[in-house]
There are 2 protein chains.
Amino acid sequence: MNFKEHLDKRVSRIEAVLAKYLPQEGGPAGVVLEAMNYSVNAGGKRLRPMLMQEAFVLCGGSGELVEPFMAALEMIHTYSLVHDDLPAMDNDEYRRGRKTTHVVYGETMAILAGDALLNYAFETACRAFAMKPGCAQTERAIGVLAEKAGIFGMIGGQTADILAENAEGAADMPQLLFIHEKKTAALIQAALMIGAILAGAEQEVVDLLEKVGYDVGVAFQIQDDILDVTGEMAELGKPIGSDEKNHKTTYVTLAGVDEAKKEVERLSNEAVSILEAFETRNEFLEELIRELITRRK
Amino acid sequence: MNFKEHLDKRVSRIEAVLAKYLPQEGGPAGVVLEAMNYSVNAGGKRLRPMLMQEAFVLCGGSGELVEPFMAALEMIHTYSLVHDDLPAMDNDEYRRGRKTTHVVYGETMAILAGDALLNYAFETACRAFAMKPGCAQTERAIGVLAEKAGIFGMIGGQTADILAENAEGAADMPQLLFIHEKKTAALIQAALMIGAILAGAEQEVVDLLEKVGYDVGVAFQIQDDILDVTGEMAELGKPIGSDEKNHKTTYVTLAGVDEAKKEVERLSNEAVSILEAFETRNEFLEELIRELITRRK
C-alpha cells in the first residue's frame, strides 16, 4: 500500500468511529442534532483523530479505549469551526466548499449546535469510563482534552486572535506564535498526548509528543496561511486571499512566503527527528507529518 | 439560626468555592477570563451548587470532593445564560439587574466566554481526579454532569424552547413540560444526583433524587413564569412581562396563574415528601425547596 491508500484506510476507519459516536437524530430537539451531524460530516482531513490513533499505536496501545476520544476531539475541533464561522466572529459562509452551519440552520441553531458539540465531546469521552472503570489513564486523558481545548489552550488562542485583529497595529511575531500555538497546536498536542496516555506511555514520552504537537500544529497553521495566498478555491474550499481581505496578520504577511515555507519545513523536520529517536517507530505518522509541508489544501 | 441565616452562610461558602475555582485573570487572552468572571460573579441564587452540597450532606458525604463539581455546575448554568442572552437568542440586555455579558464585552467575546465557561466546567470537574484518583463516583459524576447539560438535557430543552417560539401555533402542555424538564430541571437533577453520587449513595437513592430534581426544576420554572406576570422589576432584575412581550407560551398562559401556583405547590410537596421518607433528613434542603414556592424573585 502506498501512503495515499494507508491514509484513505485510516480516514474510513475514523469515519466509522465518528458515525458510531455521533448522536442519533430525531426527537423534539432533532434540529440541533441535525446541525451537529451536518457540521461534523462536512468532512475535513480528520487530522486530529488520525494523529491520536497513530500516537496510540506508536506507544503500543491496542483496543477501543481511544475511540471515544478520537470522536470527542473531532467534535471539539468542529464546534470551534462552527462558532468561528458565526457572523459575530469571522462571518464565513463557506467552509470545505459547503455552506457553513449558521447559513444552513440559522445563527441561533449554530450557536446551540456548537455548544452541543463541545458538551457532547465530554459526554462521549466519558464513555471510556464504562469501558475500563477506575482507569487513571482515562482520567488523565479527559483532563488533557479539557485543558488543551480551553482558555489555556484553543479558546485562549481564539481570544488572542480576535484581540489582535481588533487592535490598532499589526500583531508581532511573538503574538502570532502564541495564537498559532494555542489556537491550532493545542488540539494537535491533545491528539498526540491523549493517544500516548491511553496507550500507557511514560510522562517523558507524553512530553515529547507535546513538543511534536507544537511543531506540527504551528507548521500546519503557517501552511494554511501560505495556502491562503497561493492555493486555489477549488482545492481549498474557501475564497482565496480571505486573510488579506480581513487584513489579517499571518506568518506570511510578517515574514514573506519563502520564509514561511522554510519555517514549515524546519518545524516538520524537527517533529520527525523527535519521532525518529523513539525506540519504536510509526512510519505512517512520520510520513503524515511530512505530507503536511507539501499539502495543497 | 433561622433559615435566612443558614442560607446566607451557605451562599458565602459557595462564593468562596467559586472564587477558588474561577480562573485568575491576566495574560494575552485576559479579556475572555474577565468576561467569564463577570458572568459568574453577576450573582444569582447559587441554587444549583447549594442543592448539590445539600444532597451530598444528606447522603453522608464529607470533604472537598464535591467542591469542583459545585463550581463546574455553576459555570455551566452561567454559560447557558450568557449564550441565551445573545442577540441571536433572547437578545436580553439585562440580567439580575446588571448589563449582560455581550452588552459589556461585545457579542464575539460573549460567545467565547460562554464556550470557555462550558469547557472550564469540565476542566474544573476533572480536578476531582487529582483529589481521589481512580474513584468510580467521580467518573460517574462527570458523566451525569455532561449528560444533563447536553443535548439530552439542558441544550435539548433550549433547542425545543427556541423551536416552539418560532413555530406557527402555541406550544401545548406536553411540549412545555418537555422544555421545562430539559431546560431547567436537568441541571437541578444534576446537582442533586452528583451530590448523592459523590457521597457514595446507592443507585436507588440517586434515582429518587433525580425525581426530586424534576419536581423542583419544573416548579422553579413555573414560578419564574408566574413572577414574570406578577413580580416587580426591582425584585426580579429584569423587565416584567418579557415573556408576554416575546409572545412566549408559558404554564401561566396555558393554564392561568392560579393553576400554575397550585402546580408549583403540588410539585414542591411531592419533592419534600420523597425527602421526608429518607432514613436521614436534611431539614435545610426541605426548607429550601419549600421556599421556592414563595420566592418573589
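**Exercise 1. Work out how α11(A) and α15(A) cross: left-handed or right-handed?**

Step 1: the crossing of α11(A) and α15(A) is left-handed, meaning that the near helix is turned anticlockwise from the far one by less than a right angle (clockwise would be right-handed). Helices here are DSSP runs of H or I with at least four residues, strands are E runs of at least two, and numbering starts at the N terminus.

Step 2: now the geometry. Helix α11 (residues 203–230) and helix α15 (residues 257–276) of chain A pack at about 155 degrees, their axes 9 Å apart. Axes are lines fitted to C-alpha atoms, for helices over the stretch in contact, and angles run from 0 to 180 degrees between N-to-C directions.

Step 3: that angle makes α11(A) roughly antiparallel to α15(A); the class takes angles over 145 degrees, with under 35 roughly parallel, 65 to 115 roughly perpendicular and the rest oblique.

A word on the model: it's predicted, with local features needing pLDDT of at least 70 and side-chain atom pairs pLDDT 80 or more, while totals for chains, interfaces and linings use all residues. Residues are numbered from 1 along each chain as its sequence is written, and chains are lettered from A and ligands numbered from 1 in the order in which they are written.

**Exercise 2. Find the angle at which α4(A) and α6(A) pack.**

Step 1: helix α4 (residues 67–84) of chain A and α6(A) pack at about 165 degrees, with axes 8 Å apart.

Step 2: so α4(A) is roughly antiparallel to α6(A), and this crossing is left-handed.

Step 3: look at who touches whom (contact: C-beta atoms, placed from the backbone, within 7 Å). Among the residues involved are A:F69 and A:A72 of α4(A), and A:L117 and A:A125 of α6(A).

**Exercise 3. Decide whether B:A35 is buried or exposed.**

Step 1: find B:A35 in helix α2 (residues 30–40) of chain B.

Step 2: count its C-beta neighbours inside 10 Å; there are 26, so B:A35 counts as buried. The cut-offs are 20 or more other C-beta atoms within 10 Å for buried, 12 or fewer for exposed, and partly exposed in between.

Step 3: skipping neighbours within four places in sequence, B:A35 is in contact with B:T101, B:Y105, B:M109, B:A110 and B:A113.

**Exercise 4. Say which element gives the most to the side of chain A that touches chain B.**

Step 1: 42 residues of chain A are in contact with 43 of chain B.

Step 2: α6(A) gives the most to chain A's side, with 11 residues.

Note on methods:
Two residues are in contact if their C-beta atoms, placed from the backbone, lie within 7 Å.
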